[in-house]
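Here is a short briefing for your next look at this model. Please have the structure open as you read.

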Amino acid sequence: MEQLERKPIVEQCNGCGNIEEDKCRIWTTPAAKWRMGKCPSATHVKIEVKGTEQKIRVGQQKQKKK
Ligand code: SF4
């Protein structure tokens with residue numbers, strides 16, 4: 001029987017739906033997933049869209065609609 005060693009989840013995993021008994025059920029080494037950015041399997045992380053937000057901010061000053 002082969003048994004993969006599962007490393008503990010990292011801080012960023014908190015809130016993720018893939019945590020099972022304090023271990024990730026998808027990745028054996030969660031820390032490696034976060035080292036390169038966001039974990040691709042995280043259920044609790046919103047993907048930030050960059051670029052559009054600044055344009056929206058300009059419009060916020062004109063929010064006085066009748
Ligand atoms: S899926 Fe990603 S964020 Fe979720 S527990 Fe596993 S490593 Fe952490």
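Glu 5 counts as exposed, at 59% relative accessibility, where exposed means over 50% relative accessible area, buried under 20% and partly exposed in between (1.4 Å probe, protein chains only). This is a predicted model, in which local features need pLDDT of at least 70 and side-chain atom pairs count only at pLDDT 80 or more, while totals for chains, interfaces and linings use all residues. Side-chain values use heavy atoms, with hydrogens and water left out, and residues are numbered from 1 along each chain as its sequence is written.

**Charged side chains**
- The whole structure holds one salt bridge, meaning a side-chain nitrogen of Lys or Arg within 4 Å of a carboxyl oxygen of Asp or Glu.
- Glu 5 and Lys 7 form a salt bridge, at 3.8 Å from N to O.
- Lys 7 is partly exposed, with 35% relative accessible area.

**Around the ligand**
- Residues surrounding the ligand (a heavy atom within 4 Å) include Cys 13, Cys 16, Trp 27, Trp 34, Cys 39 and His 44.
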